[in-house]
Amino acid sequence: MHLRGNASFRYRDSAIVALAHIEAPVVVTSAEFEERLAPTRKKLRLPDHLLERVSGVRERRWWRPGTAFEDMAAEAGSKALAEAGVDPGEVGLLINTSVSRSTLEPSVAVRIHDRMGLPSSALNFDITNACVGFVNGLQMAAAMVDAGQVAYAVIVNGEDVRPTQEDTLARLLADGVTRRDYADQFASLTLGDGAAAAVVGRASHRPDGHRIVGSVSRAGTEHHDLCVGSFGKMTTDTKNLLRHGLALVTDAWHEAEADGWNFAGMDRYVTHQISTPYTHAIVEAVDLDPAAVPITFDRWGNVGPASIAMTLSEQAESLSAGDRVMCLGVGSGLNTAILELAW
């Protein structure tokens, strides 16, 4: 039996002082995937335009061949530091939140730390928690900044899904593939490449920053087998992932509001970008204003943990001082994380 309840945190003196994101340059449309899969779709009697119609993803992006996702995460991190006016020598913490990795060891963070030229005094490690990893990174950074342990932290993410999608397309074109195979691997075709970074510092030292008010998290780990990724393959029970993920979010949301959080009427709700059904379900379940929910999955796909960070970075220019902003995501496992910002 799983004990129920939220983890709830409020932060005193931490703020996001810069954001950056990098769009991968190669645009790959869902129509291209559909065309490549035409022989299988014909054998299985699947309709045309199924991928775009079901998910809402028109296109996603890939890095150019030979591009290392670690380099792109490092580039996003350096870009954010420059935007913040922070020297790399002032960084006390680097957290990489990428799902992608080239090897099991060492951490991805060490490569990024080296490429960014950070000091030997800067702690560096990975937080891998599926699509909520970046929000978890912000939570940890805010706690360490609040505690006075570091002056600045950098959270980075870079995703490289092209190899997995190429492998998936090859498997779905093989002899003997079934409708079940197609359904199980369907979600992996909605993914996309990208990179993002955030710099967190002391709000009292950076009046130009966007204060991290607090966060709420909740685990539903009894559902850990609904979406499982490995090198070259991801299988997803899409229907139950949506159903149980939605229940996890709504339970966390309503319990948080009963505990004194006020999530209504925010100026922007930056949700994890998965698909049209997921977004509509979240909007309806917790009664969000659709106009306050920006959409990027239709052109970037699901960029994993980078999704929220990239969307928030893109939205930054349209936000004004005093706006209330929420970052909300669900990750395989299942885990949900809600982060409130005072812009």
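In the predicted model, Ala153 stands opposite Val200 of strand β8. Strand β8 itself, residues 194-202, is mostly covered, with 8 of its 9 residues buried.

Among the helices, α4 (residues 69-84) and α5 approach each other with their axes within 9 Å and a crossing angle of roughly 50 degrees. Angles of 65 to 115 degrees count as roughly perpendicular and those under 35 degrees as roughly parallel; the two helices are therefore classed as oblique to each other. The crossing of α4 past α5 is right-handed. On the α4 side, the contact is made by Phe69, Glu70, Asp71, Ala73, Ala74, Gly77, Ser78 and Leu81, and on the α5 side by Val108, Arg111, Ile112, Arg115 and Met116. The loop that leads from β5 (91-96) to α5 (108-116) contains Pro106. The peptide bond between Glu105 and Pro106 is cis, with an omega of about -5 degrees.

Leu334 is located in the loop between β13 and β14, the latter comprising residues 335-342.

Helix α10, formed by residues 276-285, contains the buried residues Tyr278, Thr279, Ala281, Ile282 and Val283. The buried residues of this helix pack against two other helices, α9 (238-258) and α11 (297-300), and against two strands, β12 (268-271) and β13 (324-331). At the start of α10, the backbone nitrogen of Tyr278 has a side-chain oxygen of Ser275 within 3.3 Å. Just beyond the other end of the helix, Asp287 adopts a positive phi of about 55 degrees.

In Arg45, phi is near 60 degrees. This residue lies between α2 (38-44) and α3 (50-55). The relative accessibility of Arg45 is 72%, and the residue therefore counts as exposed, the cut-off for that class being over 50%. In Ala130, phi is near 50 degrees, and the residue is placed in the loop between β6 (123-126) and α6 (133-146).

Helix α6 includes Asn136. With a relative accessibility of 15%, Asn136 is counted as buried, since the limit for that class is under 20%. The side chain of Asn136 forms a polar contact of 2.9 Å with the side chain of Gln139. When residues up to four places away in sequence are not counted, Asn136 touches Ile127, Asn129 and Ala337.

Notes. Residues are numbered from 1 along each chain as its sequence is written. This is a predicted model: local features need pLDDT of at least 70, side-chain atom pairs count only at pLDDT 80 or more; totals for chains, interfaces and linings use all residues. Side-chain values use heavy atoms; hydrogens and water are left out. Buried means under 20% relative accessible area, exposed over 50%, partly exposed in between (1.4 Å probe, protein chains only). Helices (H or I, at least four residues) and strands (E, at least two) are DSSP runs, numbered from the N terminus. Contact means heavy atoms within 4.5 Å. A polar contact is a pair of N or O atoms within 3.5 Å; within protein, one must be able to donate a hydrogen and the other to accept it, and residues adjacent in sequence count only if both atoms are side-chain atoms. Two strands pair if DSSP finds at least two bridges between them. Axes are lines fitted to C-alpha atoms, for helices over the stretch in contact, and angles run from 0 to 180 degrees between N-to-C directions. Angles under 35 degrees count as roughly parallel, over 145 as roughly antiparallel, 65 to 115 as roughly perpendicular and the rest as oblique. A crossing is left-handed if the near helix is turned anticlockwise from the far one by less than a right angle, and right-handed if clockwise.
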